Amino acid sequence: MSDIAPTRPVPVTTEPPLVRALLIGLAVAFVALFLFAPLVTVFAEALAEGGRGVIAALSLPDARAAIAMTLTIAAIAVPLNAVFGIAAAWAIAKFDFRGKAVLITLIDLPFSVSPVVAGLTLVLLFGANSALGAWLMANDIRIVFALPGIVLATLFVTFPFVARELIPVMIEQGRAEEEAALTLGAPGWRIFLTVTLPNTRWALLYGVLLSNARAMGEFGAVAVVSGKIRGETATMPTMVEMFYNEYLSVAAFSLAAVLALLALLTLLLKSLLEWRHADLLAATRRH
Amino acid sequence: MYHTIQIGAHTLAQGTFIRSLGDGRIEIDAGHARLSGRPVADPKPPAAGGVLGALRTALTAAPLRGGILAAVAALGLVMAGPTPAAAQDSVEILNVSYDPTREFYRDYNALFTAWWTAQGNAPVTIRQSHGGAGAQARAVIDGLAATVVTLALSADIDQIAERTGRIPADWQSRLPHNAAPYASTIVFLVREGNPRGIADWDDLVAEGVQVITPNPKTSGGARWNFLAAWAYADRNGLDPREFVGALYRNVPVLDTGARGATTTFTQRGIGHVLLAWENEAFLALAELGEDAFDIVVPSVSILAEPPVSLVDGNITSDAQRAAAEAYLAHLYSPEAQALALRHHYRARDTSLAAPDDVARFPELELVTIAEFGGWSVVQPAFFGDGGIFDQIYEE
Amino acid sequence: MRPGLLRTPSPLPGFGLSFGIMMTMLSLVVLLPLAALLGRGLAIGPAELWDMVNSRRIWAALTLSFRAALVASLVNLVFGLLLAWVLVRYRFWGRRLIDAAVDLPFALPTAVAGIALTALYAPNGVFGQALAPLGLQVAYTELGIWLALVFIGLPFVVRTVQPVIEELEPDLEEVSATLGARRTTTLCRVILPALTPALLTGFALALARSVGEYGSVIFIAGNIPGLTEIAPLLIVIRLEEYNYDAAAAIGIAMLVISFALLLAINAIQIWSRRRIGLV
């Protein structure tokens, strides 16, 4: 009387192959349409006059100065962000204090502020029309329309990246290991270097890569405070816009392609590290 | 700041700068007379004979105050003389300009530095900043250390003068032609063969015609476009407000800058006609191919005079002031005027220009901003918050 | 050291130092500039502030900015989940490449993204020409704004959901299956609830980011007042009029609305975490 008939096994923890293929197809199509198409456009425009055009464009003094400027900014802003991220994660994850929830929201705040507004706030604070700005100008200290202003704008937009990556991981790790090290008599800095850092290095690395990518690509906030002085305060993204406006589309897109390549390089580096250390990673996977 | 020029083999004279004569000589006001001659580099100590000459010139010109001042200045030069290191310090000029002048200033900066060093001056480094005229003016107000500003509208420089006090209120009288070394106007750029048959402003308000023009709020050039259309309606007995309103109803894309609008029209293929600076239109033809677009000249347009000024409050040294003043004055020299003409600006001095560069400008009736009452009236009434432009979009 | 701040004492060292670094940098980089903005608002006074914001055009721009950001974030919610799922659960050729490409919108300058998207979707672009016969115009319409914002917000959803999917215990799914649940039931009743908090976080971040986006949108939007004019552009326009107060007013309005949205989403998130028993 049994109704049980031999049937093909129904997959219980994955989807049927057809559904799977469909989902993969959809995902690939979405990425192709929304991410790869613009990227291909950038490279196609850069190579419109062949490789020589790209080389000529990138050896323009303005382009070289912009690349140097962007690298300088990233070299200042990213380590600062990393220090902040580590400090914030340590304080938030390892200690229990009042107002923690508000603090986390405040750290996230720069994500929800329009880059234009971010630039505006810096101009309001340090511009010649404010009391502080007037004093700075009188003492010949330049913040806006100089390197410090651009670094501040970059710090603002990339502020949450490292902290956001680190905080959940550190919370997950708990503090048992650190406390154990403490009872063994290790000093604070050693606990951090030998216990905490190895446990969280992937999250740290990922946060640093993301904040680096975003630091180099930021346009809106930097455009407001850079003054766009060619060869001096023009960053790669602002220089892209300037070249584009000069009908130098090959130069503009070559510079943009360099930015995209730098980003892809850091991302590939990340993938490579993840792939080579897959086991380690699985053990310390961030949440 | 006084300029020192050589007026004889051993004679120097000093006075305030009037103009550059273009052949390397400048004209100065020495207090008693206008003199011309080759400038002597300011920080460079003059030769002994030169100093005596300067003193002689100054003393013979006494009792005029300018002459005495010149003598004192000449002595000052001798005192400051033994600092050759300072004389070699490179002077920097930051020219804050608007979008469509990039190509012109790129060439002019090369022309000026060559001329300036040929006069025996210490070399100058010229830095350029370009962007929307309004954004650029605002950056200077907020503390961008511009040495000179070369913007699209006198209203923008007025704002800097008014809000920072770094430019005197009478800046427009410091250089000839209201401090506008070159002028331009607004023309139409249409697609090859002019398929819509656009000939004048009234064709732009026809049903189905798409007009590309930037946003007058963010683009200085767009304000000239707006006023040119207004002037046409005014001249032809139409209600200007209604006419301009109808025109903007035909605008599908309001870019934030003149270059953005040009790109939208030329590269993206949007619209039937682009309202453009005359020099932008010529440049688009040159850059993107003569056979893709045509220029249509309307019956009436506006005389757009992009002005220049020294930002006095940002000057840090006498050497910088001398270089910056010469930088602006040299814009009026025949060579620079010829260069402006080559870059499709309507410059005044055609003496050294190639005939072709002059001949390509069509004749048309040009209305001046003075007929509207000047920018101080136009800016708030037309383009201020709640002004006529805002009202068009409030309806 | 600020022992008074600690709720429970901890044997671990470095609280004073790390807390100090955090607060100093937070104050200098984030709080001080934002305080300057709010201070400007206070100096203007609430009534005047309201007058400056309360115009049809500003409301139209704010509505457009938030509507477009909502639509784009919803698209990202669906496709971000799909992408994260596919990237974690399936193995296929090119997976790593796609995984790396997800971060591209972080890295590509927004202006470049805007120009590239406009070139593709303009009526004479590759995609624009393909869409034209369908009567669909993307560039210079609200659709274009959605498109740019989808591009900007995508990594936020993928990158918040992806690690959570990686962490999901297969046991749960097996238990669900042995209890007789179909795969679709398991997906909807077991997996989706577990992903909800992460999805909401990703959604909130994408939303917050796209509301304020300027660089890429101005190229592809028509910027026509009342139709395709976004709120950040209005701020720029007010700045061009040298009207810092009005610019600050719109900036504050945007800040308040997106902060309220973030708070609401956080509240939903806490509620959903409680409901499914996650802390």
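Where in chain C does UniProt place the feature "transmembrane region"? The unreviewed entry gives residues 12-38, 58-88, 100-122, 134-158, 190-208, 214-237 and 249-271 of chain C; UniProt positions follow the numbering used here, feature names are shortened, and annotations may be inferred rather than shown by experiment. This is a predicted model, in which local features need pLDDT of at least 70, side-chain atom pairs count only at pLDDT 80 or more, and totals for chains, interfaces and linings use all residues. Residues are numbered from 1 along each chain as its sequence is written, while chains are lettered from A and ligands numbered from 1 in the order in which they are written.

**Chain C spans**
- Residues 190-208 of chain C are 100% helix and 0% strand, with end C-alpha atoms 28 Å apart; helices (H or I, at least four residues) and strands (E, at least two) are DSSP runs, numbered from the N terminus.
- Residues 249-271 of chain C are 100% helix and 0% strand, and their end C-alpha atoms lie 33 Å apart.

**Sheet in chain B**
- Four strands of chain B form an open sheet in the order S6-S5-S7-S14, with mixed pairing; two strands pair if DSSP finds at least two bridges between them.
- Strand S6 (124-129) and strand S14 (308-310) of chain B are the edge strands, each pairing on one side only.
- Strand S7 (residues 148-150) of chain B runs antiparallel to S14(B) and is joined to S14(B) by three bridges.
- Thr150(B) stands opposite Val308(B) in S14(B).

**Chains A and B**
- In contact (C-beta atoms, placed from the backbone, within 7 Å) are 18 residues of chain A and 16 residues of chain B.
- Helix H6 (131-138) and helix H12 (236-245) of chain A are the elements giving two or more residues to the side of chain A that touches chain B.

Methods:
Two residues are in contact if their C-beta atoms, placed from the backbone, lie within 7 Å.
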